[in-house]
Amino acid sequence: MASGYARYLAAKTTVDDRALNRHVLAELRRLMPAGAPRVLEVGAGLGTMVARLMDWGAVGAGEYVLLDADRQLLDGARRWLSDWAVARDLRGELLPDGLQVGDLRVRLVHAELGRYLQAAHGALADVLIANAVLDLVDVPAVLPGLLRLLVPGGVYWFTINYDGETIFEPAHPHDDQVMRAYHRDMDERVRYGRPAGDSRTGRRLFHYLRAAGAPALAAGSSDWVVSAGPDGNYPGDEAYFLRSILSTIQNALRSREDRVEPGDLADWLAVRGRQLAAGELVYIAHQLDFAGRSPG
Ligand SMILES: C[S@@+](CC[C@H](N)C(=O)[O-])C[C@H]1O[C@@H](n2cnc3c(N)ncnc32)[C@H](O)[C@@H]1O
């Protein structure tokens with residue numbers, strides 16, 4: 001994946017910081033084993049979550065595995081995390097398969113999730129994390145295998161699961177048409193030869209988790225809310241984040257002329273682009289977070 005995607009994930013950090021549900025996070029902290037747990041994060045991307053959890057004092061020692069199907073992103077993660085550690089004055093050391101950050105050993109694993117679940121694995125994890133990932137996979141198919149990566153009674157924290165509602169303000173006459181088509185594209189997406197997405201993953205996770213014998217012990221909303229400050233500037237790199245969201249919608253719909261007229265899509269994108277440049281665009285995406293324990 002191009003480095004533009006790495007910049008999108010870095011820009012998303014401050015958006016996720018605000019969005020992550022604090023009630024569910026408190027439950028994660030309560031459930032988390034003391035000492036030096038073994039944490040596995042799937043679809044970890046650039047590794048911004050491990051940095052956040054160290055910043056927030058939720059993780060500090062043990063092993064933290066970043067698993068992702070995108071090798072370039074994992075290479076980027078090594079650099080991004082080592083720069084982050086330097087900025088925090090943390091003792092850091094690059095290792096052949098990852099890096100050491102203070103007392104935490106970060107390991108990078110390049111694997112596609114479906115294939116990873118089919119293979120045999122060594123040590124099980126105490127904590128399993130997936131942030132902004134489960135809405136990109138076939139949850140009923142992968143969830144039982146995912147939970148088997150945990151020790152019995154191990155802790156999961158599944159966050160930023162999209163739940164079928166996006167709001168752009170000010171309203172535009174083509175909003176409903178564009179979002180309906182975009183959701184349909186998400187629902188029909190195939191990646192790595194498998195179904196890869198569900199625009200209503202958030203609400204469906206209540207049922208999927210229960211069916212897998214791991215009902216949520218805490219759940220709550222983690223909506224992305226992005227708007228410019230009083231000076232008309234978006235915080236951090238969030239203008240880039242919004243540009244990426246608009247490009248994602250454009251790329252998904254550009255060949256879907258049966259769903260959105262090219263002229264309507266072009267008009268919608270042009271208006272949204274001008275509103276973004278003027279600091280007038282507000283973006284809200286509804287998402288849900290969950291924490292609980294694996295069966296047993
Ligand atoms: C939206 S990004 C989120 C990245 C990171 N969790 C974050 O929040 O910044 C989704 C990530 O999941 C990875 N991914 C998607 N499908 C995957 C799969 N089937 N197996 C492994 N990784 C996958 C992508 O490469 C990407 O890094």
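Mentor: Let us begin with the naming of elements: helices (H or I, at least four residues) and strands (E, at least two) are DSSP runs, numbered from the N terminus. Aspartate 89, for example, lies in the loop between α4 and β3 (92-95). This is a predicted model, in which local features need pLDDT of at least 70, side-chain atom pairs count only at pLDDT 80 or more, and totals for chains, interfaces and linings use all residues. Residues are numbered from 1 along each chain as its sequence is written, and side-chain values use heavy atoms, with hydrogens and water left out.

Trainee: Is aspartate 89 buried or exposed?

Mentor: Buried means under 20% relative accessible area, exposed over 50%, and partly exposed in between (1.4 Å probe, protein chains only). Aspartate 89 counts as exposed because its relative accessibility is 74%. Its phi is near 60°, a positive value in a residue other than glycine. Alanine 132 is likewise not a glycine, and its phi is positive at about 55°; this alanine 132 is placed in the loop between β6 (125-131) and α6 (139-147).

Trainee: Which peptide bond is cis?

Mentor: The bond from glutamate 169 to proline 170 is cis, with omega near -5°. Proline 170 belongs to the loop between β7 (150-169) and α7 (175-188).

Trainee: How should I read a helix, and what span does α4 reach?

Mentor: The expected span of a helix is 1.5 Å times one less than its number of residues. Helix α4 (residues 71-87) has 17 residues, and from its first C-alpha to its last it reaches 24 Å, close to the expected 24 Å.

Trainee: Which residues of α4 are buried?

Mentor: In α4 the buried residues are Leu73, Leu74, Gly76, Ala77, Leu81, Trp84 and Ala85. Viewed down the axis of α4, they fall within an arc of 165°, so they line one face of the helix. That arc is taken over the directions from the helix axis to the C-beta atoms. The face turned away from the buried side of α4 carries the exposed residues Arg71, Gln72, Arg79, Asp83 and Val86.

Trainee: What does the side chain of glutamine 275 contact?

Mentor: A polar contact is a pair of N or O atoms within 3.5 Å; within protein, one must be able to donate a hydrogen and the other to accept it, and residues adjacent in sequence count only if both atoms are side-chain atoms. The side chain of glutamine 275 makes such a contact with the side chain of arginine 272 (2.6 Å). Glutamine 275 lies in helix α10 (residues 262-277) and is buried, with a relative accessible area of 10%.
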